Each structure stands twice: as structure tokens, then as C-alpha cells.
Amino acid sequence: MTLSQPVSPLAQVRYILSENYVTFGAFLLFFVMVIFALLGDAIAPYDPLASNASIALSPPSLAHWFGTDDLGRDVLSRVLVATRLDLGIAVVAVVLSFALGSILGTCSGYFGGWCDRIISRIIDTLMAFPLFILAMGLVAALGNTVENIIYATAVINLPLYTRVVRAEILVRRDAGYVEAARLAGNGHLRIMAAHLFPNVLPVMMVHISLNMGWAILNAAGLSFIGLGVRPPTPEWGIMVAEGATYIISGEWWLAIFPGAVLMLAVFCFNLLGDGLRDLIDPRMRT
Amino acid sequence: MSRPSTLSIVIRRIIGALPSILGVIIVTFVLTRALPGDPAAYFAGPAASQEAIDQIRETLGLNRSLPEQFIIYVGELLRGDLGNSLTTGQTVVSDLLTRLPASLELTLAGLVFSLTLALPLGILAATRPGSWIDHGVRVLATAGVSLPTFFTGLLLIYVFYFLLGVAPAPLGRLAILYSPPDQLTGLFLVDSLLTGDLETFRAALGQLMLPAITLGLFALAPLARVTRAAMLSVLSSDFIRTARASGLAPHTILFGYAFRNALLPVVTTLGVVFSFLLGANVLVEKVFAWPGIGSYAVSALIASDYAAVQGFVLTMALLYVVLNLLIDLLYTVIDPRAGVES
Amino acid sequence: MISPLTTTTSVQTSLLSVRALSVEFRTRTGTVKALENISFHINKGETLGIVGESGSGKSVLALAILGILDRAGHIPTGEVLWSQNTETYNLLKMPEKKLRQLRGKELSMIFQNPRVALNPIRKVGKQLVDVLRCHADLPRSALKNRALELLTSVKIPDPEQRYDAYPYELSGGLCQRIMIALALACSPQLLIADEPTTGLDVTTQATVMNLLKDLATDQTMATVVITHDLALASEYCDRIIVMHAGHIVESAPTHPLFSQPRHPYTAKLIAATPEPHKGFNDLIPILGSLPDLRRSDLPPCRFISRCDRASEQCQQEPLTYQQLEVDHWVGCWHPLGVLQ
């Protein structure tokens, strides 16, 4: 077999995606969600805050695909617009968590000794709490705002990132290229930031994707029990909570649609994470 | 090589749990006393006058230095004093104790449901690779962790209560017509059985089913997945090959040899699953109006009943530490290697 | 296909007779033809050695005989004939239930890495009792005593205490003895020992092999010793079969095999085996490596790529076996020491 000319990156991507239909589907869905998040206001057929008592609690119809809620607001528009808030909270929380967790994990894994012991002890203490309940406690202590929802979600995700990064750094700490970098006179910071951590990034992409789903669930859970987001802001968790009272009398669309979209979003990130994991390192599969 | 006695293993594990307990106490201390803002105002509540706030500050010693406050705090904990609830007017401890059995019953029922399904599904999936059960379990594992607990609960209510009419109204542990059985353990199912009150038993069971299933579904996915993975791994191991070469009967190999070994990772996963379960408990209690400590905490949160919320967080954390300890001990029972410290 | 050692007389006197056995594994990347046209026999009380590199298919052969191949494995052709009480059965066609009655009772196997080949969370004595309960016709109360007797017979010191031990508490040598006790619990007619000494230190190796030899003599048990260690095979086996890449290439009694190897592979194996008088530079490695058994265009002789005697004939004609001396068979068109 002779070597033909180098394969273009686009062709490579196309090849990889063709082998993994499910991942491809998840990618598409992810894309759609991002579009909704960015352009929700523009795409929504109605104003999510516009109430109209005369058409309150009407079931799904051609005019209102997802029906209307108890104040006559269009459920579809609210669900669309809520994408930004739900994804936004999760993304910011995960980014914060990842950033801090990476720093802590890298120091912990690289330096070892007291640094490792202290950081591990802090992480272990965080893990001694059921995480959702810790988030509740944090929001209660810091104050009931959306910002604090983000901080609380970031804190409870911190142990995951710290531990994973630490484990990956430990594996690579004594690798040849690190030794070479050290001998070449690189300082600790440079070695950690420029040599070690970049190698950990692919694995972290998998964890981030899987964690995003969990972060969305957490944030929605907190808003379901009434923390953070206040009405009339459209957000999936709070919409499910508001719609819960109506399910018993059969008006299912208020709660089911936002809940289903929430589930779809989480599912999308989980599939994405699974797909990435298969691409990057199938050995991580359980 | 001699094996350490069971007692010494238990004691060592308990001692190992002490740092976690200390950590939990410190964190809750920081949450309650050491955050920005005026803790006294939090404890006094949103409707308190300035005098009331100052009064609280005195009583709780919030004007002392932090180390002093910590000692006072620990002292209070040891006395079982978690403060008073603004909304109920009772001590937080008595509130929690009254409501704890309801939550325990719910969590236990959920766990039983989930294990009863997860273990057989995992075993079947592992022994019939490529079959529809295997694919089903794998889909369940991915989809299951995507399910928002509160959504599943509402969906189940809609289908089984509203559409099919087979489930009772989700209004708590017992319909209004029934009175709770005599209090022996606080668990309605157990108590009604012990007192021979079958009618109440049936009623309580009916109310318990949907919430327990909702909670259990959440734990089902990770447990089924880990059972399947553990069984697959064990079934391809060397000692199973030896057992087959010795001509042992298939069910002896599957249950006596394979499953017991596969239990080890399952028990380890239980620890993580409990973390999720205790959190999901809060959501399920809200959906089904279940009078447990979860719904107590939720109402306290909304009402800014500070002491109640923090008491709840502390209690759940300590409960979780104890649960992890029990899981650890269970692990050492199953795996004789675990007691030997390297 | 002419296969060696399948004259009617040998079938009648042999304990186990394998005829034209082939084994394939279906994998994601293709079908691996792990064994092709394997034929041999073993007689009562004999010790047969099967030698070859890792990957030559020795273990697969053993697992196929016992019927405990991996799920992906499948047997397209062949027979495994087992003689018992003047009856002959084809193990491959036997229903699983009957096969289980044979396994562990008449036909046993021990494995390498004994420490991981035993159930790690079950006491070794209990594991012995499990096998006894399955096969031996003993009342429950007598099971433990029989287990203790077995522990004594494999020369395990302090059997009472060891009965309650877990595999992780025992050394590799002790674990191997436990495995032998398990395999010999019901005095089988045939024992297959797959790399019984790998992972053990040299002194323990000798002890284990001597134990096996003694027990085999006591109980008139046939033994198949699968090993990559030629020296071990030469010392303990009556006859030896040499395998390469899923084929049998040579079969002979031990002494003739080592003094007059006929297949180029056998000769190279011997030349590559360390011996006290050989210096490091005297060892001659065998060039090349095992061919990829997934290829559909495998040559009839799988040694071609590593052989310096290969010719057109080897590429074209299917592999047949020639009997060069009494009981000495070789599968080669250009055997050593034979004038063409």
C-alpha cells in the first residue's frame, strides 16, 4: 500500500464522526443547544414574559406548540429562552471549578508532600458531604442569588477536577519529557503549565463534558427547590417546579416540556462525553 | 501471616472516620459563623428587630473570637443543641428527629428497589453479552444518569396517578383517612407489620411506592452499570477459569464465585450512590410532599430559617459519614484482604 | 490431510486422542485461526510435553480439549476422543452436563500464576471442598477430612492451619500445590498442566514438578505438560510435541527429539535455550516472529517466513506429516538430517 497525500483535518473529522453516529448526533444536538442559548430571544415565537390570562393553561396546539402556562405565557418560548440561563450557569460553574481544580490538582500532584496532604485533606472533607446538600448549605450561607448558585455548583464540582488532575499529573510526573524540561533549566511553574498540564487536557475534556451534564442537573435541582432563580425568569428547574402543581390536575405540559428538554440537554452532554472518551482513550470505559 | 481480628478492623475504621467528622464540623462551623455578613441577623431571621439580633448575638456568642466560637459550637453540638427553628418554634434537633424516620424509610425503600433491579440486570447483562438485555443495561446506564429526579417523579405521578389511576395521590406518607401505626421504629411499613395492622401497611406501601421508585431509578443506572462491568471483569478472570476446569456447576460459579467477587466494586460504588441518594431525597420529598427532613430543609431555606438549614446540612453530612463507615465495614466482611493494611 | 498418530491401534490404546482439531476466534479485526489440524494422542500414565513459543496455541489446545474456550472461540473441525471403561467418547460432541461430570473428576487442568487462579476471597480449604462436593461420592461430614488428606498428599505443611488460609496469605509454590490438590482431588486419569512452573522460583519449580511426577506415578495418571521451557520438558516428559503458530511441527520421544531434531524450528528452539555450558553469545535467537493468524492468505507452512530451508513446495503444497523414525513425526518438506 502506498502512502497518498496527507489527509486533511476535515476529512479526518469526517472519518471519525462517520464511525460514531451517536457521538455525531450528540454533537449536532450540542450545536443546536448553543444556538438556542445564544439566539433564544430572537428565535422564540412569543415574548417569554408576556402573560395573557385568557389563554392560560391551554394545551399544546398549533399556535402554542408547548401550550401555555398558568399565566398564559408561551411555554415553548420560555423553554427556548431558558437555555441560556441553564447552560450559562453550568458552563460558568464548570469553568471555575475546572480552573481552580486544575491548579490545586497540578500543585498537589507535582509537589507532593505537605501541599498534597493539605489539598487532599480539604478535598476529602468536601467529599464527606452529600454534594447537593453541601450546595444547599452554601447557598443558604452566601445568600439566595443566581451568582451563589454558580459558586455553590463550582465548589461541589471541585473535588472531581482536583482529584482527576492530581491523578493524571502523578502518572506523568516522572516521564522523560518532564525530566528533560527540568534539566533544561525550566522552573516549576513552566514545567507544570507548559509541559505537564497540556498533556492532561484531552482526558480533562472527557471529564468536563461528562461533568457538564451533572452540573446542569445540580443547578436545575437547586432552582427546583426555590433557590437562586426567581419568577418570572424562565429557567428549566423553576418551570418544572411551577408546573408541578398542575400535573395532578392533568395539565402536564407546564412541567413535562421543560423537564424533557432539561433531560435532553444532560443526555447530550453525557453522550458527548462518552463519545470523546471512546475517541481519546477507550480504556477509560467502565 | 496472621489476620487482624474483626474488632481491631472495626476500631481502626472508626478512627479513620474521625478526621471526616472533624472536617464536617469545621465546614459547617465556617458556613454558619465565619462567612461575610452578620450571622446574628441570619439566625434572628428576616423579620427580627435590632434588639432581637443583638440578643441572638449574645446567646450564641457571636461577638467572641473565632476560636472561642468554635469551642462554643462544638460544645453545643455535643449537647445536641442545633438551635431553634424560626418557622416551627421547636428546637432543630427535635424537628429533625421527628422527621428523620420518614426520610430513612424513603431512602431505604429506594435503595432496596434499586438493588433488587440493578443486581439481576447487571448479572444478566454480563452473562449474555450482546443480547438485548446487555444493550438495554448500557442504554439505561447512560440515560439513567441524565434523568432529573424531580422530573421522573412528576412523570410517574402523571402516568400512574392521573392517567392510569393506580397510584394514590402524592400527598405524603398516608392518606388522610388513615392514622399512623403505633410508633416503634418510626418506619410505617415496619411498625404496621409489627402491630399486625395490614390495612395501614397497604396504605403506607401504596404511598411509598412512587417516591421510592423515583429515588431508586436514580441509583439504578450507576449500580446496574457497575454490576455489569464488575461481573464482566470477574467472569473473564483466571480463578473463574479454574472453577470451570474443576467442573463446578454453573450456578455455583456464578453466585458463589463470580458474584461475591463482583460485589466488591458494587459496594464501593454504594458510597458514591449514597451521596447522590441523600441529595435526591430532598427533591423527591418536595415532589411527593413527603414529611421528611428534606422537605423540612426546603421550607426552611425559603423562609430563611438559618439554624434549621444548617442543622439539616450537619445531620445529613454526619449520616453520610456513618453510612460510608458501614459500607467500609461491609467491604471488609466480604473481602478478607481489606483488613490487612499494607 | 494426513495426520500423525491416528492409526487404529493408537486410538485403541490411547487415553486421549485428538484428531484434526482446528480452533478459530472471531474478533473485531478478523478471524484468528489459532489452531489448525492438530492431531496427537496420549496414553495412560504417559507424560507428554507440548512446547512452543508464547502464542503458539498450546493453552488454546488445552482449553479446547476441556471445553472451556472463551466465548469468541469456535471449533470448526476435529474430534477429541476420550477413552473410559472401554468406551470412547467425542468430548466435542458431548452435552455440557456430562462434560462437567468429567471435568475435574477424570480430566483436570492446572494453570500458571496459581495465586490469581484461586478464588481470592474464599478459603482454600473451602475451595477444595467445593470440588469434592461436586464430584466425590462422600457424605458431607467426610468432606473436610478428605480435603485435609489431599493437602497432606501434596505435601503442604500444617494442613489444618492452611485449610483456613486465603490465597493471598500463601506463597506461589503453596498456591500451586493447592491447585494440584484441587485438580487431583478425584484421582483423574489425565492432568493437563499449563505452564505449571512459570512465575515460580527455580527451587520451587523443581519441587512442584517432582510432586507432579510422584503423584502421576502413584495414581497412574497421564500428564500433559505445556511449557515454553525446553529444559523442563526434556527432564520430565516421555514424549514431546513441538508447536508453532497453531501447528504441530514435530512429535517424538524426548531423547530423539533433543539429540536429532528434524524440524528446523525445533533445532532453532534448542539452539536458543540457555544451558550451563553455553555462553550468552552461544544462544541463537530465532529471527522473525509469529505470523498474523488473522490473514486469509496464510501459507500452508506457517514457519516459512522464519525458515532458511523454505522452497516453492513449502508455499504451494498443503502441510503433511512424515514419519521419519518410529514414533518420530515431522511436518516439513525439508526436515533436518534427511537426504533429499
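Buried area is the accessible area, found with a 1.4 Å probe, that two parts lose on being put together, summed over both. The model is predicted: local features need pLDDT of at least 70, side-chain atom pairs count only at pLDDT 80 or more, and totals for chains, interfaces and linings use all residues. Residues are numbered from 1 along each chain as its sequence is written, chains are lettered from A and ligands numbered from 1 in the order in which they are written, and side-chain values use heavy atoms, with hydrogens and water left out.

**Exercise 1. The interface of chain C and chain B**

Task: State how much area is buried between chain C and chain B, and describe which residues divide the side of chain C that touches chain B into nonpolar, polar and charged.

Solution. 
Step 1. The area buried between the two chains, C and B, is about 2,400 Å². Carbon and sulfur atoms give 59% of that area.
Step 2. C:Arg100, C:Ile121 and C:Tyr168 supply 27% of the area that chain C buries against chain B, more than any other three residues.
Step 3. With contact taken as heavy atoms within 4.5 Å, chain C contributes 30 residues and chain B contributes 26 residues.
Step 4. A salt bridge is a side-chain nitrogen of Lys or Arg within 4 Å of a carboxyl oxygen of Asp or Glu. Between chain C and chain B the count of salt bridges is zero.
Step 5. A polar contact is a pair of N or O atoms within 3.5 Å; within protein, one must be able to donate a hydrogen and the other to accept it, and residues adjacent in sequence count only if both atoms are side-chain atoms. Eight residue pairs, both at pLDDT 80 or more, are in polar contact between chain C and chain B.
Step 6. Helices (H or I, at least four residues) and strands (E, at least two) are DSSP runs, numbered from the N terminus. On the side of chain C that touches chain B, the elements giving two or more residues are α2 (58-66), β6 (107-110) and α4 (124-135) of chain C. The largest share, five residues, comes from α4(C).
Step 7. Ala, Val, Leu, Ile, Met, Phe, Trp, Tyr, Cys and Pro count as nonpolar, Asp, Glu, Lys and Arg as charged, and the others, Gly among them, as polar. On this basis the side of chain C that touches chain B holds 17 nonpolar, five polar and eight charged residues.

**Exercise 2. A strand of chain C and its partners**

Task: Determine how many residues of strand β9 (residues 239-244) of chain C are buried, and name the strand with which β9(C) pairs in the antiparallel sense.

Solution. 
Step 1. Buried means under 20% relative accessible area, exposed over 50%, and partly exposed in between (1.4 Å probe, protein chains only). Six of the six residues of β9(C) are buried, so this strand is largely enclosed by the rest of the structure.
Step 2. C:Arg239, C:Ile241 and C:Met243 point one way from β9(C), while C:Ile240, C:Val242 and C:His244 point the other way.
Step 3. Two strands pair if DSSP finds at least two bridges between them. Strand β3 (residues 47-51) of chain C pairs with β9(C) in the parallel sense over four bridges; there, C:Ile240 is the bridge partner of C:Gly49.
Step 4. The antiparallel partner of β9(C) is strand β10 (residues 247-253) of chain C, over six bridges. C:Val242 has C:Glu250 in β10(C) as its bridge partner.
Step 5. β9(C) and β10(C) form a hairpin with two residues between them, and C:Ala245 in the turn has a positive phi of about 50°.

**Exercise 3. Chain A and chain B**

Solution. 
Step 1. Of the 286 residues in chain A, 49% are buried; of the 342 residues in chain B, 50% are buried.
Step 2. The C-alpha trace of chain A spans about 75 × 60 × 30 Å along its principal axes. For chain B, the C-alpha atoms fill a box of roughly 80 × 60 × 40 Å.

**Exercise 4. Backbone angles**

Task: Locate C:Thr86 and the cis peptide bond that ends at A:Pro232.

Solution. 
Step 1. Most residues other than glycine have a negative phi, and most peptide bonds are trans.
Step 2. C:Thr86 has a positive phi of about 65° and is found in the loop between β4 (73-84) and β5 (87-90) of chain C. With 81% relative accessibility, C:Thr86 counts as exposed.
Step 3. The peptide bond from A:Pro231 to A:Pro232 is cis, with omega near 10°. A:Pro232 lies in the loop between α8 (188-224) and α9 (236-247) of chain A.
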